[in-house]
Amino acid sequence: MFKDTLRKLMLTLALVAPVAAAEPLVFTAIPDQDETKLRERFQKVADYLAEELDTEVRFVPVKSYAAAVTAFRNNQVQLAWFGGLSGVQARQLVPGSEALAQGVEDAQFRTYFIAHESTGLEASDQLPESIQGMTFTFGSKGSTSGRLMPEYYIRQQFDASPEEVFSRVGFSGNHSRTIDLVESGTYQTGALNFAVWESEVAAGNVNTDAVKVIWETPTYADYQWTIRGDVDERFGAGFKERVRKALVNMDDPKLLASFPREGFIPASNDDYQGIRDTAQALDLID
Amino acid sequence: MFRSSSDTAHSGLRRSATVRTSLGFVGVALLCLAIADIQVTTVAPWRELGRLVIGLVTPDFSDPASIGTALMRTVAFAFVGVALGASAGFLLALVFHLRAVRTLCAFVRAIHELFWALIFLQFFGLHPLTGVLAIALPYAGVFAKVYSEILDEADPLPMQVVPAGTGLISSFLFARVPDAWQHLVSYTAYRLECGLRSSAVLGFVGMPTLGFALQSSFAQGYYSEVGALLLVFFVLIATLRFWVRPWLVPLYVVVSPFLLGNGLPIMWGNVTRFFTEDIVPAPLRHGEGWAALWHWFSDLLLTEALPGLWTTVVLTQIALVGTGVIALLTFPLISRHFTTRPGSMLGHVALVVARSTPEYLLAYVLLQLWGPSMLPAIVALALHNGGIIGHLIGRRSNEMTLRLDASRGVDRYAYEIVPRLYGPFLAFLFYRWEIIMRETAILGILGIATLGFYVDSAIQELRFDRALVLIVITALLNIGVDSVARALRRRLRLRHMVNCEP
């Protein structure tokens, strides 16, 4: 019995020992959309970066926004495609980390509020008063366009928390799921990333008779590539700038369409000060 | 395995206490039901259910490699986790008379595997160790308790007749263990089945097991993929006794650690940071003093812990009675007093499916179909736990012999069988009370506002100090319920039965 135990202990130790190999650049992304699509998209990104940077690049999928931030913070990934809020959280936790690049659209991002046709809500230029008392779903708890900004505007409009405004508040998990849940009537209304909506509609995946956009928020800064500050020490001087250049130079139309972004432009931490203030106001970060 | 029981001979007094207790629980559950939110909110709940059923009958096995990998990882995590838990549990069982050990074990097993996984994820990240420890730690606590109970119940005679001067270890191994061996083995085998379920569910937080693939396929509405994964899982559990042979177990245990996958390397600095910074309450971390700490704590208690606690208790009480109802309704399916052989085969299949589907998975599925309320959670908990208890008391009823002229049908059910089974039935139910509560808390991660919802929110906001306080509160609640259940069992003099533990 004891020998058996000892053997198991040895095995555990073997298991714990870090795997030594030439270090690849590992990156992740917030799981904001259907996983199959994300895997396809980011595998292509990994291949592209590997070629541009002449190093091994690996993509690791995670199950939640927080898991993406944690992996970045724990230095298990060095680069990540974050949302506005998750990026702010990550850079606050990892001193020296930097927002590298954002999509052209991300400087002017928006949230769409959508409603099931049975609600009778119509598109208007402010959040309709009659939305009060209906059921409503956010996306992920840690999402910028699916949680932070819609909550901010709900509070602005009604001067009350979402739980007070709506009869039921849920978190669908991701933007694709938000469309599904409102389209099927599980929730009467919801809020999501406008880019996911546009691309799903364009791909014919949405029954626009059952669900439609009723309001769009003012613009704010959202998604960005963020990199750890210590990558130059790890991968060689100038590595960070090479990654930035590779991202900004990405011009494969198919690859860009999978995001969907027109292209990438340089970004800085300061671009996200507004998001940070909003998150603090909603007590989502300390 | 079951001890012969004396609970068929009810005295008038005892029966009334049993009946009163049962009615009390039903009354509380009805009250809870009256205030609980059990609406079906989807517009077309049955259409989605139909799509799921179609998916189940048209399973998509077109990607055998990924299903196979997920399956292999599920088995590997279960074996390594359970083996570590059993070894540690056995050692702890030897010193289980120490209060400190008992308390420690009660505490680690009061925290659900998924919560442990969420904690380890913060510093080990997506490394196999996260999943292995998430299973091994709470299981060690359970094993320690049950092993020590089994050893205590072993026949004391051999121990008394070993020659004077026999060493402690030899007398233990030769006089104590042999009598208990069968029970130790069968309990460990049962926990392995639980381990497979736990391992599958860990996929929902990012481990590379079945849950990972299942969640992805489900979230995207690929019901045929879901069907394939579920079927594979049912077959895995149902055929357990064919592929887990005693002589194969050492082989599995040795090979499993190499099949866990690589994950991402661990950075040990993160461990230190977690314990010295992350879980230190924010006001202390920022040096704001004790008054700020009290404010932080009371705010957390009032806005999150208490509402979460309330929902958890309400949901648990409804699910507990639901479990009882399902168990009493389903046990005849496998009882020879009510069915013929082919009928009982079908009954067995139904109960195997009910008990091998983890509550978490079932609740996840029902939540997608019916929308967010307590209903999916209640049904999931009642089906899964009712399936387990129905299976246990059904098996037990098969050990009973009735008079040749015993009544038939409903009369046989109501006047012959159920009265004789009621004692063990309640004992099983009280055993599962704590388990149901632990699961109820965890279902919060799916969006029902039990304690798990607030734990998950705190983790999503990367506020581990808050998450930890809420997890500890959840653990204390479980420990409390466990001791109430134990007191009730003692008061109703329900015999102790080791092998129905969690």
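Good morning. In chain A, 5 strands build an open sheet with mixed pairing, in the order β7-β6-β8-β5-β9. Its edge strands are β7 (168-171) and β9 (211-216) of chain A, each of which pairs on one side only. From one strand to the next, the twist averages 30°.

Before I continue, a word on the source. This is a predicted model, in which local features need pLDDT of at least 70 and side-chain atom pairs count only at pLDDT 80 or more, while totals for chains, interfaces and linings use all residues. Residues are numbered from 1 along each chain as its sequence is written, chains are lettered from A and ligands numbered from 1 in the order in which they are written, and side-chain values use heavy atoms, with hydrogens and water left out.

Some terms are also needed. Helices (H or I, at least four residues) and strands (E, at least two) are DSSP runs, numbered from the N terminus. Two strands pair if DSSP finds at least two bridges between them. Axes are lines fitted to C-alpha atoms, for helices over the stretch in contact, and angles run from 0 to 180 degrees between N-to-C directions.

Within this sheet, strand β5 (residues 111-116) and strand β8 (residues 189-193) of chain A run antiparallel and are joined by 5 bridges. There, I114(A) stands opposite G190(A) in β8(A). Helix α7 (residues 175-183) of chain A packs on the sheet and touches β5, β6 (135-138), β8 and β9 of chain A; contact means heavy atoms within 4.5 Å. The direction of helix α7 makes about 155° with that of β8(A).

I turn to the other sheet. An open sheet of 6 strands, also in chain A, has the order β2-β1-β3-β10-β4-β11 and mixed pairing. Here β2 (57-59) and β11 (264-266) of chain A are the edge strands. Neighbouring strands are turned by 25° against each other on average, direction ignored.

Which strands pair with β3(A), and in what sense? Strand β1 (residues 25-29) of chain A pairs with β3(A) in the parallel sense over 3 bridges, and W81(A) is the bridge partner of A29(A). Strand β10 (residues 224-227) of chain A pairs with β3(A) in the antiparallel sense over 4 bridges. In β10(A), Q224(A) is the bridge partner of F82(A), and T226(A) is that of A80(A).

In a regular strand, side chains alternate between the two faces of the sheet. From strand β3 (residues 79-82) of chain A, L79(A) and W81(A) point one way, A80(A) and F82(A) the other, and all are buried. Buried means under 20% relative accessible area, exposed over 50%, and partly exposed in between (1.4 Å probe, protein chains only).

Finally, chain B. Where does R102(B) lie? R102(B) belongs to helix α4 (residues 99-110) of chain B and is partly exposed because its relative accessibility is 34%. Leaving aside neighbours within four places in sequence, R102(B) is in contact with F96(B) and H97(B). R102(B) and G141(B) are 39 residues apart in sequence and 8.6 Å apart in space, C-alpha to C-alpha.

Helix α1 (residues 12-35) of chain B holds L33(B), which is partly exposed because its relative accessible area is 33%. Thank you.
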